[in-house]
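Me: I have just opened this one and would like a walk through it. Could you take my questions as they come?

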Amino acid sequence: MSKHVNKKRRRNARSSGTAEIIELHGSKFEIERLLPPIKALNAAQAEYLDALRSSPQVVVLGPAGTGKTWIAANHAADLYRQRQISKIILTRPNVPCGRSLGFFPGSLEDKFAPWAAPIADAIKERIGAAAYNIALKNGDIELVPFEVMRGRSWKQAFVLLDEAQNTTPAEIKTFLTRVGEDCNVVINGDVSQCDLDQASGLSTVLHLIRSRSLPVPVIEFGLRDIVRSGLCAMWVRAFEEASI
């Protein structure tokens, strides 16, 4: 046996006797997955978060920039990460303020993606891009145009209906009767921004909740609750005061 081999064996023996054994339990990754709780920036957001945590259905109203959609998306992401739900469904009616979906290339889902992007981006940031892409591929996260919701039902899901002021009463009736067991539903909109030439389904839902004292919290944000930016608040207030 060569001198070099003997020297190597002696060195390995000393190393095995003095080396520190490090056990890997995955704690590093568990710590990395721990995210700070969603923080309310004002009293209205705190009320909204309380409603989301205590009620299976919530209606949230108010102008742009108040965090209505962002908070709902992050809350949905947390429920999904904690395995309290198995699916996140994002939908909104196809009443764009510019070109119709028909002008965009791709499938119906591809055409819908730009409208769902703000919600999807918030979820992606909360759970991570890789986890988001896997969930999307597996169908755990669905971006569903409102027009194809008829005939569907959900269980153990978080369903967010955005821009609900642009649903008709018949459409929102169809939506609400799709809800199954263990579902969380958020209906989000701004009645003053309805783009329909007929009655708004969101207004109908609000009337039913208030006239029948239904156990569905209605959270209302005002101009003072805008948190997106000072410029956003300035323009929302200017349009509001000009009745535009």
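Me: How much of the protein do buried residues make up?

Reply: Buried residues make up 39% of the 244 residues in the protein, where buried means under 20% relative accessible area, exposed means over 50% and partly exposed is in between, with a 1.4 Å probe and protein chains only. This is a predicted model, in which local features need pLDDT of at least 70 and side-chain atom pairs count only at pLDDT 80 or more, while totals for chains, interfaces and linings use all residues. Residues are numbered from 1 along each chain as its sequence is written, and side-chain values use heavy atoms, with hydrogens and water left out.

Me: Which secondary structure does the protein come to?

Reply: There are nine helices and six strands, taken as DSSP runs numbered from the N terminus, with helices being H or I of at least four residues and strands being E of at least two.

Me: And what share of the contacts join residues at least 24 apart?

Reply: Among contacts between residues at least 6 apart in sequence, 75% join residues at least 24 apart, a contact being heavy atoms within 4.5 Å.

Me: Let's look at a strand. Is β2 mostly covered or exposed?

Reply: Strand β2, residues 87-92, is mostly covered, with five of its six residues buried.

Me: Which strands does β2 pair with?

Reply: β2 runs parallel to β4, joined to that strand by five bridges, and β2 also pairs with β3 in the parallel sense over five bridges; two strands count as paired if DSSP finds at least two bridges between them. On the β4 side, Ile88 has Phe158 as its bridge partner, and on the β3 side, Leu90 has Leu143.

Me: Changing topic, how many aromatic pairs does the structure hold?

Reply: It holds three aromatic pairs. Rings of Phe, Tyr and Trp (its six-membered ring) pair if their centres lie within 6.5 Å, and planes under 30 degrees apart count as stacked, over 60 as edge-to-face and the rest as tilted. One of the pairs is Tyr48 with Phe221, which is edge-to-face at 5.9 Å centre to centre and 80° between the planes. Tyr48 lies in helix α3 (residues 43-54) and Phe221 in the loop between β6 (218-220) and α9 (230-241), so the pair ties together parts that are 173 residues apart in sequence. Both Tyr48 and Phe221 are buried.

Me: How does the pair of Trp154 and Phe175 sit?

Reply: Trp154 and Phe175 form a tilted pair, with 5.8 Å centre to centre and 50° between the planes. Trp154 counts as buried at 3% relative accessibility, and Phe175 does too, at 1%.

Me: What about Lys68, which side chain of opposite charge is nearest?

Reply: That is Asp190, 6.1 Å away, and Lys68 is buried yet has no salt bridge; for charge, Lys and Arg count as positive and Asp and Glu as negative, while His and the chain ends are not counted. Lys68 lies in helix α4, residues 68-81.

Conventions
A salt bridge is a side-chain nitrogen of Lys or Arg within 4 Å of a carboxyl oxygen of Asp or Glu.
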